[in-house]
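Visitor: I'd like to learn how to read a structure like this one. Could you take me through its features one at a time?

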Amino acid sequence: MTLSRTEQTLGVGMIGYAFMGAAHSQAWRSAPRFFDLPARPRMSVLAGRDEARAKAAADKYGWDDVETDWTRLIARDDVDIVDICTPGDTHAEMAIAALAAGKHVLCEKPLANSVAEAEAMAAAARQAAARGVRAMCGFTYRRVPAARLMAELVAGGAIGTLRHVRASYLQDWLIDPAAPMSWRLERQRAGSGALGDIGAHAIDLAQYVTGDPITGVTALSSTFVPRRPMPAAEGFLGTHAAGDGEYGAVGGEFGEVTVDDATVFLACTASGALATFEASRFATGHKNGLRLELNGSAGSIIFDLERMNELVIYDAREENPGFRTVLVTEPSHPYIAAWWPPGHTLGYEHAFTHQVRDFVEGIASGQDVAPTFDDALGVQRVLAAVGQSAAESARWVDVPGATKGGTHP
Ligand SMILES: NC(=O)c1ccc[n+]([C@@H]2O[C@H](COP(=O)([O-])OP(=O)(O)OC[C@H]3O[C@@H](n4cnc5c(N)ncnc54)[C@H](O)[C@@H]3O)[C@@H](O)[C@H]2O)c1
């Protein structure tokens, strides 16, 4: 019997079930209900280290089964896709093992905690691709409709020659010195702090929207609060949950913060544009402010995640130019036709649904879906150059592999 498009299934196994686990779960659930997918994802199994918590999460988010060891999840016959929603120190081992087992991999960002790990993952993904196995990294904001439209407009020449990239990702969840430790504040677990957690998104979005890679950087970082109380018990830390087995009950003790609280850097791009980047968890009042402004010879475009249904556009070729706000909810805009009528806005979670939609389409059609592991390796190289520059008093550091252009020192 020949199955119709949506009768074919792809079993999904997800590792980690806290913040991203919840976001990805809703995406696996909603993507086939709003998009006409070539195969229907089945939420087969969730892996977590604590069985009771994993079962509760599976029940809440709609997974059929649980495993307490991620290696068993990868080995299961009912798993075709492995979705990695764990901290960065686990990504390389999990992704490489899953690809070797012939499973497609969606891995959260940043791809890894080091360039060496990211290189090994990208090599594994290239080998897997030759066998029809796909790998993708979760730089989700590329799939916010307004961000995607921004990329399309820039590629179509809307701003002319790129002159400036002004990117920032600002949060404030650490302004209180009593905010507790989490894996995000440990270099061993997270690789870096604000830089890799949120700066990585700004780097990826800027490079994606402009198509113009960063070639060199000079950076400064600071850790404003170097010691923090350990959490009194495992649990929810604002939007940043401590997962099962993360710390145990360690109230009263302090932990050392070994990552940057904020990092800023200047950069050159291959085309010769000048760029500034800022990533901070101490930007008081800013909750999840990813902002990308581009200025070109013929116009400017601004995206702001806290106003994610809009783009602000300036066209210098108009007779009376001025900044105007475009509501990105028309059926002609990216992804929107599958959702609601014009003006019925989308939210944070929809980009995750779009990510699943595009990944399933790529698997079914045998195409790589960006951001590939090679794309994410490119981001990792920028992160490493920024980290190195900040550690060496803002010395200029070239990004390996990127072609120099324009005003590059
Ligand atoms: N795409 C995005 O916009 C976005 C947003 C937030 C986080 N992230 C990324 O997602 C990943 C997870 O972040 P999060 O915010 O969900 O963290 P989290 O702390 O909320 O959840 C981490 C989960 O991983 C589990 N875990 C940790 N080590 C494990 C192990 N060895 N084996 C099995 N499970 C393990 C924890 O129990 C928990 O369930 C990180 O790479 C982070 O950078 C991406």
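Visitor: Which strands does helix α6 lie across?
Guide: Helices (H or I, at least four residues) and strands (E, at least two) are DSSP runs, numbered from the N terminus. Here helix α6 (residues 145–155) lies across β13 (289–296), β14 (299–304) and β15 (310–315). Its direction runs at about 165° to β14; axes are lines fitted to C-alpha atoms, for helices over the stretch in contact, and angles run from 0 to 180 degrees between N-to-C directions. Helix α8 packs on the sheet too, touching β7, β8 (214–222), β11, β12, β13 and β14, where contact means heavy atoms within 4.5 Å. The direction of α8 makes about 150° with that of β12.

Visitor: What kind of model is this?
Guide: It's a predicted model: local features need pLDDT of at least 70, side-chain atom pairs count only at pLDDT 80 or more, and totals for chains, interfaces and linings use all residues. Residues are numbered from 1 along each chain as its sequence is written, and side-chain values use heavy atoms, with hydrogens and water left out.

Visitor: What is the order of the strands in the nine-strand sheet?
Guide: Two strands pair if DSSP finds at least two bridges between them. The nine strands form an open sheet with mixed pairing, in the order β16-β15-β14-β13-β7-β12-β11-β8-β17. At the edges stand β16 (324–327) and β17 (397–398), each pairing on one side only.

Visitor: How does β12 pair with β7 and β11?
Guide: With β7 (residues 162–170), the pairing is parallel over seven bridges, and H164 stands opposite L274 of β12. With β11, the pairing is antiparallel, also over seven bridges. There, L274 is the bridge partner of C268, and E278 of β12 stands opposite V264. β11 and β12 form a hairpin with four residues between them, and G272 in the turn has a positive phi of about 100°.

Visitor: Why is one side of β3 and of β6 left without a neighbour in the six-strand sheet?
Guide: That sheet is open, with parallel pairing in the order β3-β2-β1-β4-β5-β6. β3 (65–67) and β6 (135–137) are at its edges with a single partner strand each, so one side of each has no neighbour in the sheet. On average, neighbouring strands here are turned by 25° against each other, direction ignored. Inside the sheet, four bridges join β4 (residues 81–84) to β5 (residues 104–107), and D83 has L106 as its bridge partner.

Visitor: What lines the second largest cavity?
Guide: On a 1 Å grid over the protein atoms alone, a cavity is a set of points where a 1.4 Å probe fits but cannot get out; lining residues have an atom within 4 Å of a point. Grid points are joined across faces, edges and corners, and a volume is the space filled by probe spheres set on the points. The second largest cavity, of about 30 Å³, is lined by G199, A202, T263, F265, F277, E278 and A279. β12 gives the most, with three residues.

Visitor: And what lines the largest cavity?
Guide: Its volume is about 40 Å³, and the lining is V144, P145, A146, M308, N309, V328, I336, L346 and G347.

Visitor: Where does pLDDT stay under 50?
Guide: pLDDT is the predictor's confidence in each residue, from 0 to 100. Where it is low, the predicted coordinates should not be read in detail. The chain mean is 94, and 92% of residues reach 70 or more, but pLDDT stays under 50 over residues 234–242.

Note on methods: 1 Å grid on protein atoms, 1.4 Å probe; cavity = no way out; pocket = protein on both sides within 12 Å on 5 of 7 lines; lining within 4 Å.
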